[in-house]
Amino acid sequence: MILGYNTNGFAHHAPQDAMEVLASIGYRAVALTIDHGVLNPRDAALGDQPGRLRRVAKKLGLTIVVETGGRYLLDPWMKHEPTLVSTDADKRASRVAFYEQAIDVAQELGAVCVSLWSGVLRDDAPAGEAWERLVAGMKPVLEHAHRCAMPVAFEPEPGMFVATLADYRELKERLAASGVVMEPLRLTIDIGHLHCNGETPLADEIERHAADLANVHLEDMRAGVHEHLPFGEGEIDFTEVMAALKRITYTGPACVELSRHSHDAPRVARAAYDFLTSFD
């Protein structure tokens with residue numbers, strides 16, 4: 001695997017500065033979260049930022065993942081909205097357009113994948129209708145990804161409509177049944193999310209989904225509490241996790257995700273690196 005760190009944990013750094021710090025610590029991947037001032041495809045003032053960051057990554061030897069979980073990028077009032085399961089069709093379309101733009105940005109960066117999720121179902125729509133919204137939104141996203149030869153790594157997240165790996169498997173079945181192009185669809189596994197959801201033993205879940213895996217998120221967490229914690233502050237046995245990733249010969253990015261620790265980012269990133277490399 002390629003150890004990396006998500007720039008959502010470096011919110012007070014310019015992205016190129018964050019990349020310099022991470023490479024100096026020893027990381028060899030960076031998950032660039034599109035946000036205000038970072039690769040925002042709707043901000044013309046950023047100019048050729050993808051080109052500049054691609055050159056920085058090449059100089060530093062960093063593999064790039066594009067993450068799309070910016071909290072207030074599309075709606076200044078509501079976190080993560082709109083989504084592929086939002087009530088309003090026009091708002092769902094704006095999320096589709098954003099994901100397609102993210103794929104274009106990833107292509108410019110030379111990224112290995114784009115990570116995305118379903119979003120929270122905020123109305124009382126029955127499950128069947130919510131699945132229809134999600135499948136309808138994923139179809140143009142996957143078709144665009146296919147044209148761009150860009151893997152799309154879908155991330156189950158606690159509290160969202162697709163919250164678990166079982167939900168992800170159902171999504172795959174529904175997409176396949178609808179005739180959607182499936183080649184670009186891959187999986188992001190967030191280790192903390194699995195533990196939070198009780199999807200254990202973690203090693204069994206990692207091995208079961210090895211063929212789909214294109215992206216991994218790493219952080220500690222407690223069962224039933226969706227709070228990303230520095231390593232050692234939660235309950236996860238990372239001996240088991242790292243051994244499982246080695247057994248499946250996972251060679252993709254595995255990026256630390258501690259978005260609430262930007263105030264102390266360099267120290268937290270170094271401590272995370274020291275922890276994770278202790279399993280080598």
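**Getting to know a predicted barrel**

In an unreviewed entry, UniProt lists residues 20-277 under "domain: Xylose isomerase-like TIM barrel". The model itself is predicted.

Reader: Over residues 20-277, how much of the chain is helix and how far apart are the end C-alpha atoms?
Author: That stretch comes from the UniProt record. Strand makes up 16% of residues 20-277. Helix accounts for 43%, and the end C-alpha atoms are 19 Å apart.

Reader: In what order do the eight strands close into a barrel, and is the pairing parallel or antiparallel?
Author: Strands of a sheet can pair in either of those two ways, through backbone hydrogen bonds. Here the barrel's order is 1-2-3-4-5-6-7-10, and the pairing is parallel. Neighbouring strands of this sheet are also turned against each other, ignoring direction, by an average of 30°.

Reader: Which strands does helix 9 touch as it packs on the sheet?
Author: Helix 9 covers residues 265-277, and its direction makes about 155° with that of strand 1. Packed on the sheet, helix 9 touches strand 1 (2-6), strand 7 (213-218) and strand 10 (253-256).

Reader: How many bridges join strand 3 to strand 4, and which residue stands opposite valine 66?
Author: Strand 3 spans residues 63-67 and strand 4 spans residues 114-116, and the two run parallel. Two bridges join them.

Reader: What about strand 7: how many of its residues are buried?
Author: A residue counts as buried when its relative accessible area is under 20%. By that cut-off strand 7 is mostly covered, and the count of buried residues is six of six.

Reader: And in strand 10, which residue is the bridge partner of histidine 217?
Author: Let's go through the pairings of strand 7. Four bridges join strand 6 (residues 185-190) to strand 7, running parallel, and leucine 187 stands opposite leucine 213 there. Strand 7 is also joined to strand 10 by three bridges, again parallel. In strand 10, the partner of histidine 217 is cysteine 255.

Reader: Moving on to charged side chains, which residue forms a salt bridge with glutamate 20?
Author: A search of the whole structure finds eight salt bridges. In the one with glutamate 20, the closest N and O atoms are 3.1 Å apart. Glutamate 20 sits in helix 1 (residues 15-25) and its partner in helix 2 (residues 49-60), so to speak a link between distant parts of the chain, 39 residues apart. That partner is lysine 59.

Reader: Is lysine 59 buried or exposed?
Author: Exposed means over 50% relative accessible area. Glutamate 20 has 31%, so it counts as partly exposed. Lysine 59 has 60%, so the word for lysine 59 is exposed.

Reader: Why does the salt bridge of aspartate 123 and arginine 133 tie together separate parts?
Author: Their side chains meet with N and O 3.0 Å apart. Aspartate 123 lies in the loop between strand 4 and helix 4 (127-148), while arginine 133 lies in helix 4, so the pair joins parts that are 10 residues apart in sequence.

Reader: Is arginine 133 buried or exposed?
Author: Aspartate 123 is partly exposed at 21%, and glutamate 129 is partly exposed too, at 36%. Arginine 133 has a relative accessibility of 7%, so arginine 133 counts as buried.

Methods:
Residues are numbered from 1 along each chain as its sequence is written. This is a predicted model: local features need pLDDT of at least 70, side-chain atom pairs count only at pLDDT 80 or more; totals for chains, interfaces and linings use all residues. Side-chain values use heavy atoms; hydrogens and water are left out. Two strands pair if DSSP finds at least two bridges between them. Axes are lines fitted to C-alpha atoms, for helices over the stretch in contact, and angles run from 0 to 180 degrees between N-to-C directions. Contact means heavy atoms within 4.5 Å. Buried means under 20% relative accessible area, exposed over 50%, partly exposed in between (1.4 Å probe, protein chains only). UniProt positions are given in the numbering used here, feature names are shortened, and annotations may be inferred rather than shown by experiment. A salt bridge is a side-chain nitrogen of Lys or Arg within 4 Å of a carboxyl oxygen of Asp or Glu.
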